[in-house]
Amino acid sequence: STELNLGLDFGFFKNRISGSVEVFKKQISDLLSSRRLMSNSILGSVPANVGKTESKGFELSLSTRNLTGPFKWNSNFTMTAYRDRWLERSPDVILQPYESKTDPLRSVYGFIADGIMQPGETVPSMPQLIPGQMKIKDLNTLKDGKVLPGPDGKIDVADMVFLGVNSPDYTMGLENNF
C-alpha cells in the first residue's frame, strides 16, 4: 500500500476555535480477496490477488469553546468525505456482465422498476407476472457474454444497472457538551 496524508491543524483566539483539515489518497496493489470460480467448480471462490484499488477523501474537524465561565459549553463538528474505486482488476476475476473494471468498491446493482402490472395488461418480457406485481424494464441484450443496448424480450443480468454505492457521500457529526 502507498498512502499520502496531508493535514493542517489550526487554532484561533487562544484556541477557543481550533480544528484540523486532512486530505488523503491511498492505493493498495495486489489486494487479497476472494475470487469467484466458475459455477461448475466444487469451490465457490478462492483467495487471490484481485487487483488494485484507490481510496481518497478528506476530513474537517472543528472544536469551539463557546462559554468558558462557571457554565461551560464546548462544541465539536466533524465532516468526512470518502471515495474508493477499482483501478485495475486481475484478468482472472470473473465480472458480471453489468460490472465495470473501474466501479466503486461498494457498488450496488439492480433492476429498474417500470411500474406495477395492471389487470388486463401483458408484459412480454415477464410472461409469469400477475397484476399487482412490479414490472422490470427490459433495457439490454446479452449476446456472447457482452451487454448490448436495446431490449431482447427477456429480463436477465443484462438488464441490471449500476444504482450507486452503499456508503454515504458525506458523514457529519455535531456534539455539544454542557
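The model is predicted, so local features require pLDDT of at least 70 and side-chain atom pairs pLDDT 80 or more, while totals for chains, interfaces and linings use all residues. Residues are numbered from 1 along each chain as its sequence is written, and side-chain values use heavy atoms, without hydrogens and water.

**Exercise 1.** Determine which residues lie nearest the centre of the largest pocket and which strand gives the largest share of its lining.

*Solution.* A pocket is an open set of points on a 1 Å grid over the protein atoms alone, where a 1.4 Å probe fits, with protein on both sides within 12 Å along at least five of seven lines; lining residues have an atom within 4 Å of a point.
Step 1. The lining comprises 24 residues, and Ser33, Trp86, Arg89, Glu99 and Leu105 lie nearest the centre.
Step 2. Strands are DSSP runs of E, at least two residues long, numbered from the N terminus. Strand β3 provides the largest share, 4 residues.

**Exercise 2.** Classify the ring pair of Trp73 and Phe178 as stacked, edge-to-face or tilted, and locate both residues.

*Solution.* Rings of Phe, Tyr and Trp (its six-membered ring) pair if their centres lie within 6.5 Å; planes under 30 degrees apart are stacked, over 60 edge-to-face, and the rest tilted.
Step 1. The whole structure contains 6 aromatic pairs.
Step 2. The centres of the Trp73 and Phe178 rings are 5.8 Å apart and their planes are at 25°, so this pair is stacked.
Step 3. Trp73 belongs to strand β6, whereas Phe178 is in the segment after β13 (170-177), 105 residues apart.
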